[in-house]
Amino acid sequence: MFSIIIPLYNKESSVAKTLDTVLAQTFTDYEVIVVDDGSTDRSLPIVQTFTDSRIKVYTKKNGGVSHARNYGIERANNDYIAFLDADDAWDSNYLEEMSKMIERYPECGMYNCAYRAVKGDRIMVESPNIPNGIIQDYFKTTLALDNMISWTSATIIRKEVIAVAGLFPVGMVSGEDSFMWCKVAMHYPVAYTHKIMATYNMMMSDAYSRIAKPDTCKESWSDLYSDNDPYLNKFIAYKAVENGLRHAWAGQKGKSKLIERQLNFARRLNDKYFNQRFFRLFCLNRTPQFAVNVLLLYKKLVTIRFFGPPYYSVCL
């Protein structure tokens, strides 16, 4: 029933625990596709110690997480694709409960559950206050929440949706998963359960490295604009302005100014959050790069403090 895609890059400290949570599933009709994306640590040898015949390991040159996921999808044999990052975990009933939701709502293209985010000794539960079942308006509902409904390690898609929605955007440095879920939700209903069955390891986040890293993909958020869906367009605007800011931080003013122009459609939204972010983008696009670099150093320090180990708080 399930093909579980695990992209792997330098996760020697966590990948064994991640695989253990897969092998502990009460639902056993699955294959595991681990795609080693050119790891330089002991990640691959650790995975190779697992002897379960359901685990298939592929190795390739480093191409980024989207390329690794696409590589796995293309080799999947089952009808449903479950995504799991190599530093996250599932509760033992995850696949069983998700299979029940699929049986209950077979018309959906994507299935999500609530999850817990762990940062050191802090546990934050991400369980939006929305009804169980099919989400009536995915983008309108998402905009009303503090966080995304769809998070990668708590997301399953029907394999056949790939023919319509396409694959992950290779070369999109940040938000590549949100881009993919957005494409699926544009074409298919999405089902959700409040059951908390997945764990997101925030301590392992690579947010620091992505702050000022430009995209190399051909796709952009403006590609998803629709004349007939204001909530989708607002969602796109939120994501696109963050993408523009990342390019501005990276000194890629040509790209960030292009994104600024593409966001003209969103100016009429009269949205306070968007206007604040757009104004920041406007200012960064006109700030000398030496000043941007000073601000960027501070931003990186703040990000390290949020995502990094507790000892960083002492250093800062």
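Colleague: Are Phe139 and Phe235 buried or exposed?

Modeller: The model is a predicted one. A residue is called buried when its relative accessible area is under 20%. In this model, both Phe139 and Phe235 are buried.

Colleague: How is the pair of Phe139 and Phe235 arranged?

Modeller: The two rings form a tilted aromatic pair, with 5.3 Å from centre to centre and 55 degrees between the planes. Phe139 belongs to helix H5 (residues 138-143) and Phe235 to helix H9 (residues 230-249); at 96 residues apart, they link distant parts of the chain. Both also take part in one aromatic cluster, together with Tyr138, Phe179 and Trp221.

Colleague: How many aromatic pairs does a search of the whole structure find?

Modeller: The search finds 17. One of them is formed by Tyr80 and Tyr111; this pair is edge-to-face, at 6.4 Å centre to centre and 70 degrees between the planes. Tyr80 lies in strand E4 (residues 80-83) and Tyr111 in strand E6 (residues 110-119), so the pair ties together parts that are 31 residues apart in sequence.

Colleague: Why does Tyr80 count as buried?

Modeller: The cut-off is under 20% relative accessible area. Tyr80 counts as buried because its relative accessibility is 13%. Tyr111 is likewise counted as buried, at 0%.

Colleague: Let us turn to the strands. How many residues of strand E2 are buried?

Modeller: Strand E2 (residues 30-36) is mostly covered, with 7 of its 7 residues buried. Tyr30, Val32, Val34 and Asp36 point one way, while Glu31, Ile33 and Val35 point the other way.

Colleague: Which strands are joined to E2 by bridges?

Modeller: Strand E1 (residues 2-8) runs parallel to E2 and is joined to it by 7 bridges. Within this pairing, Ile4 stands opposite Val32. From E1 the chain passes through helix H1 (residues 15-23) to E2, in a right-handed β-α-β crossover. Strand E3 (residues 55-59) is also parallel to E2, with 5 bridges between them. Here Asp36 stands opposite Thr59. The chain crosses from E2 to E3 through helix H2 (residues 43-48), and this β-α-β crossover is right-handed.

Colleague: Finally, which residues make a nonpolar surface patch?

Modeller: Ile123, Val125 and Ile196 make such a patch, of about 260 Å². Residues in a patch must have over 30% relative accessible area. Ile196, in strand E10 (residues 190-201), is partly exposed, with a value of 31%.

How values were computed
Residues are numbered from 1 along each chain as its sequence is written. This is a predicted model: local features need pLDDT of at least 70, side-chain atom pairs count only at pLDDT 80 or more; totals for chains, interfaces and linings use all residues. Side-chain values use heavy atoms; hydrogens and water are left out. Patches are made of residues with over 30% relative accessible area and no salt bridge: like charges are joined within 9 Å, nonpolar side chains (Val, Leu, Ile, Met, Phe, Trp, Tyr) within 5 Å. Accessible areas come from the Shrake-Rupley method with a 1.4 Å probe; for residues, only the protein chains shown count as cover. A salt bridge is a side-chain nitrogen of Lys or Arg within 4 Å of a carboxyl oxygen of Asp or Glu. Helices (H or I, at least four residues) and strands (E, at least two) are DSSP runs, numbered from the N terminus. Buried means under 20% relative accessible area, exposed over 50%, partly exposed in between (1.4 Å probe, protein chains only). Two strands pair if DSSP finds at least two bridges between them. A crossover is right-handed if, with the strands pointing away from the viewer, the path from the first strand over the helix to the second runs clockwise. Rings of Phe, Tyr and Trp (its six-membered ring) pair if their centres lie within 6.5 Å; planes under 30 degrees apart count as stacked, over 60 as edge-to-face and the rest as tilted.
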